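Dear colleague,

Please find below the structure that I am handing over to you. A summary of the findings follows it.

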Amino acid sequence: MSSFLSKNAALRGLLDQHLGSLAAEEGLSPESIISAIEAGTMVLLGNPAHPGLKPILVGQPARIKVNANIGTSPLSSCMETERRKLKAVIEAGTDTVMDLSIAGDLDAIRQSLLADCPLPLGTVPMYAVGQHILDASREISSMSPDQLFEEIEKQAKQGVDYVTVHCGLSRRGAELGSRPERAMGIVSRGGSMLARWMLDNDRENPLLEYFDRLLDICLPYNVTLSLGDGLRPGAGVDAGDAAQWEEVINLGLLAARAHDRGVQCMIEGPGHVPLHQVRTQIQGIKRLTNGAPLYVLGPLCCDSAPGYDHIAGAIGGALGVEAGVDFLCYLTPAEHLTLPDEADARAGVMASRVAAHTGEVALGTPRAVTREAAMNAARKALDWDGMARAALDPTQVEKRREPHKKEEVCAMCGKFCAVKMLRRD
Ligand code: SF4
């Protein structure tokens, strides 16, 4: 038996059950999937304790995956709304969901979402710990490391499939990230809490100091570590600074340690990155993290598009995929402004799916090329049903076609239809 898989019984069990269907869905051979998982360049997201889960593969050449964040906030906390958002993002075609709730009964919300979500579900356990402390009007510095590890273990038992853990954010990184010359300082919620804890207690990050304890918790459940980017740039001018790279170097070393122990991990990436730096950022992160699957927020290619950040993120996301990104976390039109509603969530998933497909077209992956060819053939034949089948969102084709669906051409040009003009039949 191979060395990595021999250490992870939960992952072996999932592969025994799902490898055939995963290979068929991805258009990859079972052997190539096993070999990529062994190398740590692909992960299978799935905790056997998650009821009704359909595990998925993350890591090129597997299809680029898209994540949707949902969850409550102190200013908007309703379990029913979160259930509706979950339904909306699944219908829109997300591949995974993260519950980022920070208000209400977090255990009840998480367990309800786990029960209703057949897709891998991720969380940021630091949020639940932070909620206990802040709701009791205490300082984050009063957190005990045991609280954090106990929360992660509880969530692993509940069936959470992957956790964002800011293990690479060191004491030194917290100081670098807090320097006044960093335009936006530390913008990660989990990262800022850990940085506050380290600076107030003059101690190292417990997730870094006791990393082996984290691995012991995650291994039996095949909980994949999403090694968080607590120092991701929150402004384009912060991209590529010392704080960001200090953390990336740590993440690469930790990813190697996790792999040695049989624990799967992904790397979380930037953040706000100007367009001309996206390629070098992605290549640099991939190089320093041994090609581990890269999970990016955006990257957002400009800072000044609130209301349209799903577009700013999709531009960076498409370029990122072409440069090696494996997994896109959506941004919605509500980013930087408010909690997304169902419509925002749908728009975010579609923007990321367009970015993922655009990147795959540039890479020439067979699935993307085949879809493009099907769309082109349908357009040339004015075959509206064929266009809907090839479209990333068939409902848009049907909805916009509806008022004039009896016409052969569309309302854009009518009898000036260029496609029809050149037909000889
Ligand atoms: S009417 Fe115009 S937009 Fe519509 S199918 Fe014909 S050429 Fe394309």
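The structure is a predicted model. In it, the ligand is surrounded by Val-409, Cys-410, Met-412, Cys-413, Cys-417, Ala-418 and Val-419. The shell around the ligand is made up of seven nonpolar residues, with no polar and no charged ones.

Turning to the overall fold, the protein chain contains 19 helices and ten strands. Its C-alpha atoms fill a box of roughly 80 × 50 × 40 Å along the principal axes. A compact globule of 425 residues would have a radius of gyration near 22 Å, and the protein chain agrees with this because its own value is 22 Å. Of the 425 residues, 48% count as buried. Among contacts between residues at least 6 apart in sequence, 75% join residues at least 24 apart.

Helix α7 (residues 145–158) has 14 residues and reaches 20 Å from its first C-alpha to its last, close to the 20 Å expected at 1.5 Å a residue. Its buried residues are Leu-148, Glu-151, Ile-152, Gln-155 and Ala-156. These cover an arc of only 135° around the axis, so they lie on the same side of α7. They pack against several elements, including α5 (106–116), α6 (125–135) and β6 (162–165). Just after α7, Gly-159 takes a positive phi of about 115°.

Helix α16 (residues 366–380) has 15 residues, which should span 21 Å at 1.5 Å a residue; its end C-alpha atoms are 21 Å apart, in agreement. Just after α16, Leu-382 has a positive phi of about 50°.

Yours sincerely

Methods: Residues are numbered from 1 along each chain as its sequence is written. This is a predicted model: local features need pLDDT of at least 70, side-chain atom pairs count only at pLDDT 80 or more; totals for chains, interfaces and linings use all residues. A residue is near a molecule or strand if its C-beta atom, placed from the backbone, lies within 6 Å of it. Ala, Val, Leu, Ile, Met, Phe, Trp, Tyr, Cys and Pro count as nonpolar, Asp, Glu, Lys and Arg as charged, and the others, Gly among them, as polar. Helices (H or I, at least four residues) and strands (E, at least two) are DSSP runs, numbered from the N terminus. The radius of gyration is taken over C-alpha atoms; the globule rule is 2.2 Å times the number of residues to the power 0.38. A residue is buried if 20 or more other C-beta atoms lie within 10 Å of its own, exposed if 12 or fewer, and partly exposed in between; C-beta atoms are placed from the backbone. Two residues are in contact if their C-beta atoms, placed from the backbone, lie within 7 Å. The expected span of a helix is 1.5 Å times one less than its number of residues. The arc is that of the directions from the helix axis to the C-beta atoms.
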